[in-house]
Amino acid sequence: MKTFIQYLNNLFIPLLPETRCFGLKRVLWRWAGAEIGDNVRISSSVSIVGAGRLVVGSNTWIGPQTMISAMNKVVIGSNCDIAPRVYIGDGTHRLSPEAERMAGEGICLPVYIGSGCWICTNSTILPGVNIENKNVVAAGSVIANSFEGEQQLIAGTPAKVVKKYTER
């Protein structure tokens, strides 16, 4: 993404009404280099940072005060609901116990959130995570590992599958 345009967007977009002007916000984020699908609704207080690739599928909602850090690649599928105050990031550090700082070399691991997912409020999606289609991440959960399978409730810190839903 174009970081200078991101910077300008992160200054200007918060001045817009939180849950209005979605078409303008889509245009501005596309201008910054994000791949934003049709009818995506991004709240004005969402912060998007990083020079990596951001892909958001059609008909997705991204709620207030969400932060997306795309240093490598973050993909959010279509028909997703991202609740307020969610963190999605693909950057971290290697541990360096022998050095002065534990946070050693920076690394980026892509994040994939499948279509139809609901990521509930205050959840954290860490680097390298792959969440398949139609899963629910419970409020306040920390997702540090990938989850196979669909129609599950993923909850906790660290998160695990706590319930499986079946179609009727």
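Start by picking out Ile 5, Gln 6 and Asn 9, the buried residues of helix H1. Keep in mind as you click around that this is a predicted model. Now turn the view so you look down the axis of H1: its buried residues fall within an arc of 105°, so they line one face of the helix. What do the buried residues of H1 pack against? Show helix H2 and strand E3 (47-49), and you have both partners.

Next, keep H1 (residues 3-12) and H2 (residues 22-31) on screen. The two helices pack at an angle of about 155°, and their axes are 9 Å apart. That angle is over 145°, so H1 and H2 count as roughly antiparallel to each other. To see the contact itself, select Ile 5, Gln 6, Asn 9, Asn 10 and Phe 12 on H1, then Leu 24, Leu 28, Trp 29 and Trp 31 on H2. Colour them by class and you'll get six nonpolar residues, three polar ones and no charged ones.

Time to move on to the largest nonpolar core, which has 35 residues. Which of them touch the most other members? Those are Ile 76 and Ile 88. H2 turns up again here: along with strands E4 (53-56), E7 (73-76) and E12 (111-113), it gives two or more residues to this core. Zoom in on Ile 88 and show what it touches; Met 67, Val 74, Ile 76, Val 111 and Ile 125 are among its contacts.

Last stop: select Val 136, Ala 138, Leu 153 and Ala 155. They are included in a second, separate core of five residues.

Technical notes:
Residues numbered from 1 in each chain as written. Predicted model: local features only at pLDDT ≥ 70, side-chain atom pairs only at ≥ 80, totals over all residues. Heavy atoms only, no water. Axes fitted to C-alpha atoms, helices over the stretch in contact; angles between N-to-C directions. Helix = DSSP H or I, 4+ residues; strand = E, 2+ residues; numbered from the N terminus. Parallel < 35°, antiparallel > 145°, perpendicular 65-115°, else oblique. Contact = heavy atoms within 4.5 Å. Nonpolar A, V, L, I, M, F, W, Y, C, P; charged D, E, K, R; others polar. Buried < 20%, exposed > 50% of the residue type's maximum accessible area, 1.4 Å probe, protein only. Arc of directions from axis to C-beta. Core = buried A, V, L, I, M, F, W, Y, C linked by side-chain atoms within 4.5 Å. Lists of a residue's contacts leave out its neighbours within four places in sequence.
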